[in-house]
Amino acid sequence: MRLPRNVSPAAAERRALLFDALLGLLIGISAIIVAAGIGVVGFIALLGLLLVVLWYVIEGGLRRRQRRR
Amino acid sequence: MATATPTPPPTRPRSPRSHRRLRRLPLWRRARRTVLIACVFCLAVAALSWLPAVTGSRNLSITVASVEWLRSHGGNPIASQIENWYYELNEPEKGGPALTSLPQVGGAAVESGEKSNGEGEGEGEGEGPPPHYEPAAVKPLIQPKLPGEGVWKKAGAKVGPEPPALLTTFRSDPEYPQFVAGVAWLDHTRTELQYMPGLAEPPEPLEDRGSGEVPPEMRKRLVATFNGGFPLETSNAGLIYRGKIKETMVNGIATVVGYHGGGFNIVRWNHGNTVPKNVWFAKQNLPPIIYEGKLNPNLSDGPEWGETVNNATRVWRSGLGIDAHGNLMYAAANYQTVESLAKVLQRAGAVRAIELDINEDWTSFISYRHPGGLDPSNLLPEMFRSPERYLVPDERDFFAVYLKPGQPW
């Protein structure tokens with residue numbers, strides 16, 4: 001089965017989100033299997049989450065600032 | 001033939017905002033989103049393990065329980081590294097104002113019960129029963145000495161002329177004159193030592209774990225309790241409990257041994273992974289820090305000390321020694337390196353010694369001023385854990401010192 005090529009931008013975005021989610025889960029499962037323990041995974045994931053959230057927050061702040069100008 | 005061309009449905013003009021939303025995301029944004037999803041998934045899985053560990057742990061703060069969980073789930077090197085950074089950043093400065101007094105310890109803190117053995121060995125003289133041995137006062141390192149420095153005091157209130165436990169404090173390091181070490185001495189002729197498992201340490205499976213506290217029926221003979229050494233996972237050493245091997249015993253490692261009948265010793269283990277007939281319990285923890293009266297020459301950092309805070313890092317440390325007469329000596333103090341701790345024990349008279357726990361969360365020596373586990377007090381006032389620690393279920397293993405049956409208080 002082939003996925004339709006000509007899809008609306010919204011459908012393409014949903015498809016990309018699904019792909020990213022599956023890839024994220026795959027990376028997570030691989031990390032859990034490979035790591036020395038779930039403690040290490042949790043610790044690194046917490047750091048990663050904080051960094052990414054911080055990144056989003058800073059980016060959002062910069063964008064709002066630009067829009068105000 | 002006329003063909004009807006279908007008229008397209010009217011479309012709403014798109015706002016610039018929705019245009020922006022439907023634009024293809026750049027690759028780096030998608031990568032970031034993927035990482036976020038992976039992190040959330042991993043955290044959710046980790047939380048399934050962390051939550052029961054934190055909510056189910058007793059006698060521990062959420063921070064300490066979380067660090068313990070991290071250590072026991074593969075994160076021991078991470079936790080140790082972070083601890084090292086923290087302690088290096090908070091290293092104490094040398095010198096500083098000199099102390100004018102020492103903390104009051106033992107029964108003397110509530111009643112004037114100082115043991116008068118200021119100088120020399122306290123061997124009794126005269127006729128009658130064999131002389132009762134008491135340790136010599138610890139010679140102060142810093143002059144002038146402070147009142148009561150190095151002088152042994154009875155741990156219990158209203159004890160007889162042969163106290164089962166004595167306590168003292170002294171300034172242990174001339175470079176850091178504000179630091180005070182606490183030392184306890186336990187008479188082997190009057191006391192016996194028991195190894196008590198905690199609720200989580202040693203880990204399952206373990207037969208006859210007990211309730212993680214001093215059993216109420218044993219409290220009438222309770223003299224003292226103290227921390228039991230590193231978790232097995234951290235020390236990579238062995239444990240014999242109730243005559244059975246719980247964790248593989250390692251030759252060459254310092255071992256607190258309890259014998260059938262209540263006797264005890266500190267030895268360098270050389271029986272391999274077997275249980276000698278007379279051994280009731282044996283807890284190992286790192287190489288000996290003092291052996292045959294001499295400091296271990298490798299007290300500086302090295303792999304033989306396990307995945308712990310660097311040996312040279314100044315933290316709360318505790319150790320257990322044995323003197324030339326077979327009496328136990330426990331020492332603890334803040335801002336100690338392994339070497340300075342070993343010197344404290346050696347100065348107090350220990351000829352063999354083992355390092356026990358480090359960090360303020362684990363270092364506890366509690367003596368009981370009255371029979372029945374009543375009026376407990378920490379060896380040093382700044383010890384972090386409650387004096388009630390071992391009278392309620394605790395996570396970690398510990399040692400309990402009881403009067404031998406029939407011995408008067």
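In helix 2 of chain B, the residues Arg32(B), Arg33(B), Thr34(B), Ala38(B), Cys39(B), Cys42(B), Ala46(B) and Val54(B) are buried. Keep in mind that this is a predicted model. What hides those side chains? Their cover includes helix 1 (9-34) and helix 2 (38-68) of chain A, along with helix 3 (62-89) of chain B.

The spacing of the buried residues is worth a look. An α-helix makes a turn every 3.6 residues, so residues three or four places apart point the same way. You can trace that kind of step on the helix with Ala38(B), Cys42(B) and Ala46(B), which are among the buried ones.

As for the helix itself, it covers residues 27-56 of chain B, 30 residues in total. From first C-alpha to last it reaches 43 Å, close to the 44 Å expected at 1.5 Å a residue. Where does it bend? The spot is Ala47(B), and the angle there is about 35°.

Now over to chain A. Its secondary structure is simple to list: 2 helices and 0 strands. Its radius of gyration is 18 Å, well over the 11 Å that the globule rule gives for 69 residues, so chain A is more spread out than a compact globule. Along the principal axes, its C-alpha atoms fill a box of roughly 45 × 45 × 10 Å. How much of chain A is buried? Of its 69 residues, 22% count as such. The chain exposes about 5,400 Å², and carbon and sulfur atoms supply 70% of that.

| Site | Backbone feature | Loop in chain B |
|---|---|---|
| Gln143(B) to Pro144(B) | cis peptide bond, omega near -5° | between helix 3 and strand 1 (153-154) |
| Glu204(B) to Pro205(B) | cis peptide bond, omega near -5° | between strand 4 (191-196) and strand 5 (222-227) |
| Glu292(B) | phi of about 50° | between strand 11 (290-291) and strand 12 (294-295) |

Notes
Residues numbered from 1 in each chain as written. Chains lettered and ligands numbered in written order. Predicted model: local features only at pLDDT ≥ 70, side-chain atom pairs only at ≥ 80, totals over all residues. Heavy atoms only, no water. Helix = DSSP H or I, 4+ residues; strand = E, 2+ residues; numbered from the N terminus. Expected span 1.5 Å × (residues − 1). Bend = angle between axes of the 7 residues up to and from the residue. Buried < 20%, exposed > 50% of the residue type's maximum accessible area, 1.4 Å probe, protein only. Contact = heavy atoms within 4.5 Å. Rg over C-alpha atoms; globule rule 2.2 N^0.38 Å. Areas by Shrake-Rupley, 256 points an atom, 1.4 Å probe, with all protein chains shown as cover.
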